[in-house]
Amino acid sequence: MINYTNQQYRDKKLALIQKVPTPITPVRFDKNSRHITLAYFEKKSTVDYIGVVQGIPICFDAKECHTDTFPMQNVHQHQMEFMEGYEEQKGVSFLLIYFSHRQECYYLRFTELKKYWDRMEAGGPKHFKYEELTPDYFIPMGNGAAIHYLVALQKDLKER
């Protein structure tokens with residue numbers, strides 16, 4: 001859904017967002033089809049997507065959650081460090097979390113993510129709940145995009 005949305009944004013000249021490939025090292029190949037059958041990750045990846053929206057650099061990671069509780073273990077230290085550095089360079093970092101059982105997508109601002117991260121690091125819950133999220137940052141579906149996250153990004157930018 002995100003790839004489709006990004007293509008729609010590109011076609012409409014609203015944004016240029018690219019999927020960041022995860023570097024792998026192939027270990028075993030199927031001789032007949034020449035497909036990789038076993039591989040391992042070379043290094044830790046940063047985020048899933050990176051690009052620019054009307055001159056504003058953005059980066060984000062896509063997550064999926066099947067319950068109303070999002071485990072913070074789904075976000076890694078190296079991702080937090082990358083997004084924090086991105087924000088320090090005047091970029092915008094966020095997560096898109098798809099709550100599949102509700103068929104809802106949430107734009108989690110980096111400042112909100114950092115709040116949950118710091119709470120966890122201080123010995124608090126190792127998760128956050130759906131009920132804790134700001135209703136205004138749920139992403140509307142439609143308008144020619146499967147997940148129209150630019151609406152939430154615009155709100156984020158106004159509140160900075």
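A salt bridge here is a side-chain nitrogen of Lys or Arg within 4 Å of a carboxyl oxygen of Asp or Glu. By that rule, the side chains of Glu84 and Lys114 meet in a salt bridge, at 4.0 Å from N to O. The model is predicted: local features need pLDDT of at least 70, side-chain atom pairs count only at pLDDT 80 or more, and totals for chains, interfaces and linings use all residues. Residues are numbered from 1 along each chain as its sequence is written, and side-chain values use heavy atoms, with hydrogens and water left out.

**Sheet**

- Five strands make an open sheet with mixed pairing, ordered S1-S4-S5-S7-S8. Strands (E, at least two residues) and helices (H or I, at least four) are DSSP runs numbered from the N terminus. Two strands pair if DSSP finds at least two bridges between them.
- Strand S1 (15–19) and strand S8 (104–109) are the edges, each pairing on one side only.
- Neighbouring strands are turned by 25 degrees against each other on average, direction ignored. Axes are lines fitted to C-alpha atoms, for helices over the stretch in contact; angles run from 0 to 180 degrees between N-to-C directions.
- Strands S5 (residues 56–65) and S7 (residues 92–99) run parallel, joined by eight bridges. Cys65 stands opposite Phe99 in S7.

**Helices on the sheet**

- Helix H3 (residues 110–121) packs on the sheet and touches S7 and S8; contact means heavy atoms within 4.5 Å. The direction of H3 makes about 80 degrees with that of S8.
- Helix H4 (residues 150–159) also packs on the sheet, touching strand S4 (49–53), S5, S7 and S8. The direction of H4 makes about 25 degrees with that of S8.

**Salt bridges**

- The structure holds twelve salt bridges.
- Glu84 sits in helix H2 (residues 77–88) and Lys114 in helix H3, 30 residues apart, and the pair links distant parts of the chain. Both are partly exposed: Glu84 has a relative accessible area of 30% and Lys114 one of 23%. Buried means under 20% relative accessible area, exposed over 50%, partly exposed in between (1.4 Å probe, protein chains only).
- Glu159 and Arg109 meet through their side chains at 3.8 Å, N to O. Glu159 is partly exposed at 46%, whereas Arg109 is buried at 15%.
- Arg160 bridges to Asp156, with the closest N and O atoms 3.2 Å apart. Arg160 is partly exposed at 49%; Asp156 is buried at 5%.
- A network of salt bridges links Arg109, Glu112, Asp136, Lys155 and Glu159.
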